[in-house]
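Dear colleague,

I am handing over a structure that you have not seen before. Please look through it below, and then read the notes that follow.

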Amino acid sequence: MTHAIHVEGLTLGYDRKPVIADLTLSIPAARFTALIGPNGCGKSTLLKSVIRTMPPRAGRIDVMGQPLNAMSARALARQVSFLPQVLPVPEGITVRQLVGYGRSPHNNLWGRIRGTDRAKVDEVLARLDITDLAGRMVDGLSGGQRQRVWLAMVLAQNTDIVLLDEPTTFLDINHQVELLRLARDLVATGKTVVAVLHDLNQAFRYADHIVMLRNGGLSGCGSPDKMATTPMLREVFSIDACIHPDPECGRPMVIVRKP
Amino acid sequence: MRVFWQFTLALLIAAALFAWSLSAFSTFAIGRADVLSALTGAGDTTAAKIVHRIRLPRAVAALLIGATLGISGLLMQGISRNRLASPTMLGVTGGASLGLAIVSSGLVGASMPGGVAAVIGGAVAWSLVFLLGTAWSEEASRGRLVLAGMTMGALCAGLTRLVVLLAEERALGVLNWLAGSLSNIRWTDVQVMGVVLFGSFVVGALVAPSLNLMNLGAESARALGVRLRLLRLSVFAAGCVMVGATVAVAGPIGFIGLMAPNISRLMVGSDHRILVPMSGAVGAIALLAADIAARGVAFPAETPAGAVTALIGAPFFLILARGLR
Ligand SMILES: Nc1ncnc2c1ncn2[C@@H]1O[C@H](COP(=O)(O)OP(=O)(O)O)[C@@H](O)[C@H]1O
Ligand SMILES: [Mg+2]
């Protein structure tokens, strides 16, 4: 079993025209996969289908070798966590409460927080360096702080598969790098991370596996070295770019050519 | 600890109002002794009988109905993630009234029990509001849902009036009831409401943790293991029964379902496990107070309690709507 997620013949859409048509794709287990592609090509839609907020028109999705349809909501929540692209601002709850909600798939039906849950919450707060925000109200945080707090909630869920939809959007460069390193740490402990990223250089440098989507479907997937090519970038993003090894660690680096 | 004191305070207020309501504003003088003897069931005086047969069921019903409305409003706000949601705003009260007006005016289905008609009417109206307001989708704006609900409410009110006009000979009774009044409560009504309120607490307790997660948005709630469809269906079914029962017993009483959860949030925060009982308590107090006021404002004449809640609730709604933008 090397696939954390496998989709086959998947068709997704909101109205008549499908956003993703007949997509077949595998996400390797215990690897960091970057999902990249132009705005509106269906990256978020694809992730939503894995947590079942987006019912497929056709096709099937397997998670850890099990058909998604056969899993209970709680069983799925213990395997897959999800950071949405658009984060609602929950009113009237503290950071600690929000992060604690990440434990709900593990605690009893009445939502009682136990000692082990509290320890996990403290651990992720410390890991993301937001312990000092714990008592603050979530609706009073800045965009970047809020994003890290939500990320803490997702990590508190402690699932084998972590789906992150544009996790770096509101973060400053320091916290972006922090997040990418965190993803690597998660992978090092055997977790599967799938993140939608917009910075191609970050994707090629930190991810093990690249999935490139364009409007309507997949343009290709594979290792960063295989995917970072001038024709691929032209096809997916309509840019003319050349690829050089980056001076720091030799991973592919995209440089856009003069028009 | 703070929550404990708030519940204690609510209990004290409710008890004080309850005691007062048994003797307040009566054309027939009722003394403390009559109240006490009625409560112990030993009373033989006319005053004691009035307390036992009329005042007592009325006060208990006010508490039960108010609590049921408060919890129903909380559940509706929870699943639609909209603080302006309430039985009235979602059209449920209007639909329930229409259903009841149709059967009680003898137009159609006269053999159907009024409560059943009210539940069905509420369910139909609520479903339509959700279809019109696309309320299940994450993108549904607050405004759209409010608009759909208001439209449905107005439509139901118009149709109800039409039904009443068509059934002339019974019109007076129905009109009285339409204003939302507790003046005709009997002990059987109290029993019905007792069962409904008990059920509301059970449902409320069961869905409270899921509603907490709904506060994070439907997507995150789903990712955290909430069974959205089951949650929505439970709240829908429970909400229709809760509102239908109150409408069948006392007529449409607005704004309790809107105010009680919002006041409770200011008091105890956003944890639905605490908000369920607190909204019940605040709703109970609000309706009992409104009923006392309804008897007092034009004493010795009586005004409907629904008018009083509307009078207080309408400005509350405006303030809330402005605050939320
Ligand atoms: N709730 C929605 N209703 C209708 N269409 C939508 C909705 N969400 C997204 N879309 C459409 O689906 C397409 C894919 O959207 P999305 O998956 O969010 O793209 P991405 O995340 O790749 O930027 C877009 O064309 C968008 O307009
Ligand atoms: Mg997106």
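**What was found**

Of the 259 residues of chain A, 53% count as buried, where buried means under 20% relative accessible area with a 1.4 Å probe, protein chains only. Please keep in mind that this is a predicted model, in which local features need pLDDT of at least 70, side-chain atom pairs count only at pLDDT 80 or more, and totals for chains, interfaces and linings use all residues. Residues are numbered from 1 along each chain as its sequence is written, chains are lettered from A and ligands numbered from 1 in the order in which they are written, and side-chain values use heavy atoms, with hydrogens and water left out.

Chain A has 9 helices and 12 strands (DSSP runs, H or I of at least four residues for helices and E of at least two for strands, numbered from the N terminus). The radius of gyration of chain A, taken over C-alpha atoms, is 19 Å, close to the 18 Å of the globule rule (2.2 Å times the number of residues to the power 0.38), so chain A is as compact as a globular protein of 259 residues. Its C-alpha atoms fill a box of roughly 55 × 40 × 35 Å along the principal axes.

In strand β6 (residues 80-83) of chain A, V80(A) and F82(A) point one way while S81(A) and L83(A) point the other way, and all are buried. Strand β6(A) runs parallel to strand β7 (residues 161-164) of chain A, to which 4 bridges join it, and L83(A) has L164(A) as its bridge partner there.

Best regards

Notes
Buried means under 20% relative accessible area, exposed over 50%, partly exposed in between (1.4 Å probe, protein chains only). Two strands pair if DSSP finds at least two bridges between them.
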